[in-house]
Amino acid sequence: MKLLEYQGKELFKSYGIPVPKGEVIEKKDDFKKISNPLPWVLKAQVLVGGRGKAGGIKIAESVEEAERIFDEMVVKGVKGEKVRKILVEEKIGIDKEYYLSFFIDRSSKQYLMMFCSEGGVEIESIAEKVKKMYVNPLVGLQNYHLRKIPQEARGIAKNLFRLFIEKDCELAEINPLIISNGRAIAGDAKIIVDNNAIYRHEELPNEFVELSSLEKEAREKNIAFVQLDGNIGVIANGAGLTMATLDALNEFNGKGGVFLDLGGTDDVEKVKQAFELMAKANQKVILINLFGGITKCDTVAKGIVEFMKERNISQPVVARIKGINEEEAKKMLKDYVITANSLEEAAKKAVEVI
Amino acid sequence: MAIWADEKIRLLVQGITGHQGKFHTKAMREFGTKIVAGVTPGKGGTNIEGVQVYESVEDAMEMRPNASIIFVPAPYACDAVIEALDNDIKLVVVITENIPFHDAIKFVNYAKYKEATLIGPNCPGIVSPGKTKIGIFPNHIFKGGNVGVASRSGTLTYEIVNELSMAGIGQSTCVGLGGDPVTGTNFIDALDAFERDEETEAIVLVGEIGGTAEEEAAEFIEKKISKPVYAYIAGRTAPEGKRMGHAGAIISAGKGTANSKIEAFKKAGVKVARFPSEIAEMIKNDKKIW
């Protein structure tokens with residue numbers, strides 16, 4: 001789960017990491033309540049990178065100007081994202097800007113601290129100037145790590161690491177880390193909390209703002225569901241097999257519009273829920289690719305048939321069923337779907353039937 | 001021979017009284033796995049499928065298990081893994097999915113410190129056909145033989161192994177490495193073990209988008225592997241920034257794409273299949289050569 005900047009900065013404050021004075025507003029009238037003196041920095045609260053360049057960060061010298069900027073941001077949005085909240089911050093003097101982050105490094109299986117003496121820019125563009133320090137998870141951040149970064153950033157680094165661990169972050173990033181009159185202040189906050197660990201953080205805001213409404217619904221039902229930009233909806237069991245099915249469509253010049261991993265289920269209701277989501281996703285064809293292990297083929301077939309009897313599905317359904325109890329499943333589905341014997345055949349038929 | 005798991009395995013099942021634990025204890029026994037004990041705190045003294053359930057791993061050690069499989073729910077899985085490692089179990093297979101990353105990174109590093117082999121988390125386990133199965137793979141798809149399989153994806157492995165078996169190509173060991181960003185064993189560990197395993201004559205790698213494990217494997221193959229390697233990569237059509245089911249299957253900042261993995265493998269002389277089923281065809285055609 002990604003936190004919005006203002007949510008991340010709230011967390012920073014509770015970990016003793018200084019942030020500029022600021023308030024969040026949702027409507028134009030709220031400018032009147034801002035106690036910070038002008039000029040203000042207005043920052044659109046959206047979850048996209050490169051927000052500054054896309055017009056999501058602007059300086060207002062007067063209340064009227066702030067109102068104009070508010071209208072502009074809300075109407076235009078930022079990089080396709082709707083702006084619902086704007087953070088209004090004091091403008092602080094900048095002597096230096098750094099980059100600082102902690103994340104999990106997959107290759108080394110360690111935590112990684114990244115520091116750069118240039119901040120405020122996209123980190124990929126200055127990758128070669130970034131200092132990387134590995135932190136072993138069994139012992140944590142040591143003083144020798146901190147001695148490798150400038151004195152004035154060490155306190156914040158120590159606190160940010162504590163936050164990173166205690167809040168189960170995938171990423172905790174400050175870019176820029178501003179030095180103003182000898183004092184370090186977090187100019188921005190990028191925090192991604194591990195979805196698997198949210199159950200132990202009731203104190204965190206639990207909004208999945210980055211998801212579409214169907215994706216949200218799927219998450220509530222515990223179904224892995226991703227919206228893509230094609231028109232063939234794929235239901236398979238297992239993430240790898242679902243991806244392989246989408247790739248196979250591509251080989252026959254088709255394009256997947258939904259990734260739906262049924263997972264290991266032996267529950268008719270879950271199958272029906274998956275179909276419900278797929279029906280809402282409005283695809284031209286539904287393609288089922290099943291390799292039953294834990295998941296029994298006849299259970300899935302039962303779910304499909306029941307759903308199709310209860311609800312009118314206008315689009316064709318292509319099904320390739322393999323594994324435990326496949327014979328029963330094939331018999332049950334015979335009158336309802338277009339059958340296929342292999343992944344390739346199923347992909348080909350799904351593309352042809354459009 | 002086989003890698004990591006053979007007929008000498010005496011298995012402990014942690015979380016044996018749960019739905020998955022029960023079901024797969026039975027399935028593993030049917031496969032021929034020697035299961036010597038189970039553990040579920042609070043349920044010690046009971047019995048599942050004829051297997052004695054203990055309160056703790058320490059108590060279960062009287063049955064001399066040398067491997068453990070974890071079916072413990074995610075919030076308690078880290079504790080269970082560390083309990084196994086602290087009792088000097090040298091092979092731990094973690095099936096549980098949705099384990100918090102900070103827990104996984106902790107027990108993965110602890111396993112390394114304890115010089116244990118840890119497979120997973122979020123994996124289907126390990127199978128050496130004819131010898132043992134520590135995992136949740138369907139029993140009937142395997143056939144004993146000389147091809148080693150290492151995979152980051154569960155069902156895709158079933159698909160590929162099934163095609164291999166139907167084509168008459170048996171497997172030495174199939175290991176599911178797991179779909180999470182941080183896992184205990186990775187492709188390099190599996191490649192190294194397969195290279196040294198006398199029985200294994202060819203190796204199949206099943207990869208997917210996300211991370212750089214395949215690129216690192218490709219480099220390792222170029223330098224250290226003499227046996228033929230075949231690969232399939234899932235997620236060629238996945239968009240950037242979307243997590244494709246597995247926690248680890250995500251393309252971020254342009255890194256971890258299927259193309260970069262395919263290119264790396266091709267450069268290392270690995271044959272890369274377009275469809276999962278192509279792997280079996282490729283091996284069948286090449287079998288006369290190796």
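Chain B and chain A share 22 residue pairs in polar contact, both residues at pLDDT 80 or more. A polar contact is a pair of N or O atoms within 3.5 Å; within protein, one must be able to donate a hydrogen and the other to accept it, and residues adjacent in sequence count only if both atoms are side-chain atoms. This is a predicted model: local features need pLDDT of at least 70, side-chain atom pairs count only at pLDDT 80 or more, and totals for chains, interfaces and linings use all residues. Residues are numbered from 1 along each chain as written, chains are lettered from A and ligands numbered from 1 in the order written, and side-chain values use heavy atoms, with hydrogens and water left out.

**Interface of chains B and A**

- Helix 1 (19-31), helix 3 (74-86), helix 4 (101-113), helix 5 (154-166) and strand 13 (229-234) of chain B each give two or more residues to the side that touches chain A. Helices (H or I, at least four residues) and strands (E, at least two) are DSSP runs, numbered from the N terminus.
- Helix 4 of chain B supplies the largest share of that side, nine residues.
- By class, the side of chain B that touches chain A holds 28 nonpolar, 22 polar and eleven charged residues. Ala, Val, Leu, Ile, Met, Phe, Trp, Tyr, Cys and Pro count as nonpolar, Asp, Glu, Lys and Arg as charged, and the others, Gly among them, as polar.
- The contact (heavy atoms within 4.5 Å) draws 61 residues from chain B and 49 residues from chain A.
- About 4,300 Å² is buried between the two chains, and carbon and sulfur atoms give 58% of that area. Buried area is the accessible area (1.4 Å probe) that two parts lose on being put together, summed over both.
- In chain B, B:His102, B:Met244 and B:Phe275 lose the most area to chain A, together 16% of what that side buries.
- Six salt bridges link chain B and chain A. Each is a side-chain nitrogen of Lys or Arg within 4 Å of a carboxyl oxygen of Asp or Glu.
- One salt bridge joins the side chains of B:Asp103 and A:Arg200, at 2.9 Å, N to O.

- The expected span is 1.5 Å times one less than the number of residues.
- Buried residues of helix 1 are B:Gly21, B:His24, B:Thr25, B:Ala27, B:Met28 and B:Phe31. Buried means under 20% relative accessible area (1.4 Å probe, protein chains only).
- Their cover includes strand 1, strand 2 (35-39) and strand 4 (51-54) of chain B.
- B:Gly32 follows helix 1 and has a positive phi, near 115°.
- Helix 3, also of 13 residues, reaches 19 Å between its first and last C-alpha, close to the expected 18 Å.
- In helix 3, B:Ala74, B:Ala77, B:Cys78, B:Ala80, B:Val81, B:Ala84 and B:Leu85 are buried.
- Helix 4 and strand 6 (91-94) of chain B are among the elements covering them.
- Just after helix 3, B:Asp88 takes a positive phi of about 65°.

**Chain A and A:Asp188**

- Chain A has eleven helices and 16 strands. Of its 354 residues, 55% count as buried.
- A:Asp188 sits in the loop between strand 9 (183-186) and strand 10 (190-193) of chain A.
- The side chains of A:Asp188 and A:Arg51 are joined by a polar contact of 3.4 Å.
- The C-alpha atoms of A:Asp188 and A:Gly8 are separated by 8.4 Å, though 180 residues apart along the chain.

Conventions
Buried < 20%, exposed > 50% of the residue type's maximum accessible area, 1.4 Å probe, protein only.
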